[in-house]
Amino acid sequence: MENCTIYVPKLITKKENFAPGHRACIGCGEALAVRLAFKAIGQNVIVVNATGCVEIFTSQMPYTSWRVPWIHTLFENTAAVASGIESARKAMVRKGIIEDKNTKIVAIGGDGATIDIGLQALSGAMERGHDFLYICFDNEAYMNTGIQRSSATPFGASTTTSPAGKESIGQFAWKKDMPGIAVAHNIPYVATANPSYPFDLMEKVKKGLEAKGPAYIQILSACPTGWGCAGELSVKIGRLAAKTGVFPLYEVENGKYRITVDFPKLLPITDYTGLQKRFRHLSPEMLEQIQQKVTEKYEEIKEKAEMSARCGQTGTEE
Amino acid sequence: MGKSENELTWKEIEVGGIVTEPGNASQYKTGDWRSQKPTYDFNKCIKCGMCQIFCPEGCINQNEEGYFVADLFYCKGCGICAHECPTFVITMKEEE
Amino acid sequence: MSKRVGIEVSIALADVVGMANTDVVAAYPITPQTHIVEHLAELVADGELDAEYIPVESEHSAMSACMGSAAAGARTFTATAGQGLELMHECLYVASAMRLPIVMAVANRALSAPISVWGDHSDVMACRDTGWIQIFTENGQEVVDIALCAFRIAEDNNVLLPTMVHLDGFHLSHVIEPIMMPEQSQVDAFLPPNKYPFFLDPARPQAMGDFAPPAIYTETKWAQEVNLQKSKETILKAWKEFAEIFGREYKPVESYRCDDAKILLLTMGSYSETAMTAIDAMREKAECENVGLLRLRLWRPFPTDELRKAIENADVLIILDRALSFGSAGGPVGMEIKSALYDVSKKPKIVNFVGGLGGRDITVGNFEELIKKGIDIAENGSENEFEIYGVRE
């Protein structure tokens with residue numbers, strides 16, 4: 001358990017801006033990820049939420065789990081709505097209509113809402129340079145509507161629209177590199193995170209908030225219901241995703257890569273896939289193929305990090 | 001406590017369906033969902049707080065003695081706390 | 001003292017949006033609305049309008065950004081046309097249900113396919129059920145005036161509904177007209193600052209956009225409907241206040257030479273003025289001495305009472321639609337009016353034409369022909385539910 005100390009209770013705020021009593025599944029990794037992220041975000045925030053698991057389990061009329069201002073409109077437009085709020089507040093502060101209290105705008109959405117249907121709006125918002133943090137809670141499928149595949153579903157995973165069968169190995173494409181797409185927009189801060197590494201996650205969320213301009217963080221959110229594992233294993237599976245290199249934990253500050261939680265030797269991916277029913281059907285050959293790709297991708301990130309370290313210090317330019 | 005969705009009349013709904021009471025979903029007793037609950041052997045507890053960090057419900061709080069206990073009003077019995085506790089304080093037992 | 005200037009209608013519209021001290025413009029270009037958003041960009045770039053201009057990457061994002069902006073409490077404006085209005089279609093329902101005051105100018109344009117950049121009402125007719133307040137304009141002066149009124153109406157705390165201002169694409173958006181531009185002092189007197197009561201604010205956390213299970217969805221929709229119907233009170237009040245400051249009065253149903261009219265033509269939008277010329281000509285030539293023109297200005301909420309009053313004494317009502325409603329029993333406006341008049345015991349014979357599609361011009365002569373044809377059909381009947389005007393057979 002990297003980064004944990006016996007001083008945990010003193011290091012993070014006890015305040016829950018995301019109230020218990022929400023209707024997430026038992027053992028939901030996404031609920032945990034949201035809860036931790038919002039401990040880092042605090043109260044001085046406006047939250048824009050896409051349609052999806054988090055939105056549904058926190059907002060059944062006439063209740064809300066949110067203790068901060070929150071708006072949900074549609075599925076694919078989170079970044080566009082966030083752009084509107086950010087611009088409105090900028091104009092209103094400049095015109096003296098409201099005080100500048102350095103309120104942050106945080107947009108949250110699942111992998112479907114971000115990487116598939118919401119990609120256009122996100123790309124536009126990043127290109128225009130709005131000052132906001134976009135957090136993608138990645139449970140690797142359209143979980144809320146019943147576990148259908150998205151472009152974030154890993155290769156070989158069985159979902160309801162890419163089911164494993166006699167003619168199919170499950171998901172037929174490799175996971176879309178959304179952090180890479182975000183980096184290509186030249187935004188100040190991009191990171192990947194994992195609630196199994198809570199302090200790493202919270203630090204990154206804080207950095208994303210402080211970045212001047214768009215920031216993008218993709219947080220792997222274990223879904224016991226969709227991935228096919230017991231609820232109690234959510235944190236363990238998340239940890240294995242990092243330790244096997246399947247979901248590397250890194251950040252990119254102004255184009256400079258840095259691996260934030262590194263492992264001297266990666267565990268075999270079968271330690272990770274073996275615990276989840278969605279991979280149960282994979283043959284040893286397929287698993288080998290996946291292992292090769294994971295190793296390859298991890299090496300790529302490592303190279304980028306090494307090159308960034310050689311080229312000078314990382315860090316936000318003021 | 002306000003009216004539920006089955007009781008509100010059309011005149012009582014706020015403009016645009018806006019919910020003006022922050023966090024009022026915390027009235028919902030998710031504790032009814034569980035089929036197992038955490039039990040504690042605090043002799044082993046080192047008060048590290050890892051269970052509190054990893055609870056998806058955010059329902060684990062410190063009691064007066066500083067031990068971390070799940071609020072059974074909300075606890076869904078997922079077992080993450082038992083699984084992550086470094087000193088095996090927590091055991092999940094079936095609900096009666 | 002305001003002066004009458006010759007100015008392109010799109011430019012005048014952008015100018016008045018500027019005079020209204022709009023806070024946020026989120027817009028995507030599409031013919032024939034482009035001059036509106038271009039001039040707004042110029043105003044912002046030159047510091048004449050202190051606003052945030054968001055050049056979004058699609059109309060869906062334009063309306064989404066407007067929703068965010070309105071929810072944050074800013075005075076918000078956008079403009080679109082045709083396909084753009086269709087692309088933002090799902091957003092329109094959300095904006096009205098969430099009661100977000102947004103003003104949108106629509107340069108009415110025909111819908112693809114085939115692609116047409118020219119004007120007709122098919123884009124607006126596809127939006128009938130979206131829950132927006134919708135007002136039609138006939139000339140440049142009306143565009144400027146109604147746009148100003150739109151902010152006043154949308155943002156009124158008794159209304160809080162997004163509002164569309166319809167102007168015919170090219171026929172209005174791109175023409176130079178003599179317009180009395182308002183003075184800034186008049187605008188300031190007429191339009192109070194935007195005070196959206198539920199603006200997103202950490203000091204007052206609230207949740208906007210909860211989901212509604214079946215137990216409560218009906219109640220939310222009925223509340224929305226009642227509010228839209230009730231908004232007519234504020235619309236009339238705003239138009240009265242406008243008349244007091246600017247001297248021009250607007251009504252939900254406008255009439256022209258209807259006092260003695262037994263034959264009524266009903267139009268919407270810019271070719272109403274051509275129709276007026278036709279009516280003058282027919283009366284002068286004594287071809288039809290008792291013909292008059294009705295124009296539907298307020299489209300949503302539908303002005304049932306005013307319409308029923310306006311047709312009280314008519315024998316024939318000829319309705320000219322500028323859009324088809326495929327596979328149905330008439331043009332969209334024709335069907336709505338027939339429905340509104342169904343329960344009235346004494347009602348005129350209704351003849352429904354559809355014409356002017358895809359920018360097709362309807363001249364003074366065409367109108368005269370259309371009226372005569374309408375009278376003929378009213379007398380002798382027709383085997384069709386509605387008539388298409390001007391199609392080459």
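Tutor: A term to start with: two strands pair if DSSP finds at least two bridges between them. Helices (H or I, at least four residues) and strands (E, at least two) are DSSP runs, numbered from the N terminus. This is a predicted model, where local features need pLDDT of at least 70, side-chain atom pairs count only at pLDDT 80 or more, and totals for chains, interfaces and linings use all residues. Residues are numbered from 1 along each chain as its sequence is written, and chains are lettered from A and ligands numbered from 1 in the order in which they are written.

Student: OK. How many bridges join β14(C) to β15(C)?
Tutor: Six, and the strands run parallel. β14(C) covers residues 316-321, and β15(C) covers 349-354. Ile318(C) has Val351(C) as its bridge partner.

Student: Is β15(C) enclosed or open?
Tutor: Largely enclosed by the rest of the structure, because five of its six residues are buried. Buried means that 20 or more other C-beta atoms, placed from the backbone, lie within 10 Å of the residue's own.

Student: Which helix makes a β-α-β unit with β14(C) and β15(C)?
Tutor: α12(C), residues 332-341, and the unit is right-handed. That is, with the strands pointing away from the viewer, the path from the first strand over the helix to the second runs clockwise.

Student: And what pairs with β15(C) over two bridges?
Tutor: β16(C), residues 387-388, in the parallel sense. Val354(C) stands opposite Ile388(C) there. The chain gets from β15(C) to β16(C) through α13(C), residues 364-380, and this crossover is left-handed.

Student: New topic. How many residues does the contact between chains A and C take?
Tutor: It takes 39 from chain A and 38 from chain C. Residues are in contact if their C-beta atoms, placed from the backbone, lie within 7 Å.

Student: Which element of chain A gives the most?
Tutor: α4(A), with 13 residues. By class, that side of chain A has 19 nonpolar, 14 polar and six charged residues. Ala, Val, Leu, Ile, Met, Phe, Trp, Tyr, Cys and Pro count as nonpolar, Asp, Glu, Lys and Arg as charged, and the others, Gly among them, as polar.

Student: Which strand of chain C does β2(A) pair with?
Tutor: β9(C), in the parallel sense, over two bridges. Ile71(A) stands opposite Met208(C).

Student: What about chains B and C?
Tutor: That contact takes 18 residues from chain C and 13 from chain B. On the side of chain C, α9(C) gives the most, with six residues.

Conventions:
Contact = placed C-beta atoms within 7 Å. Buried ≥ 20, exposed ≤ 12 C-beta atoms within 10 Å, placed from the backbone.
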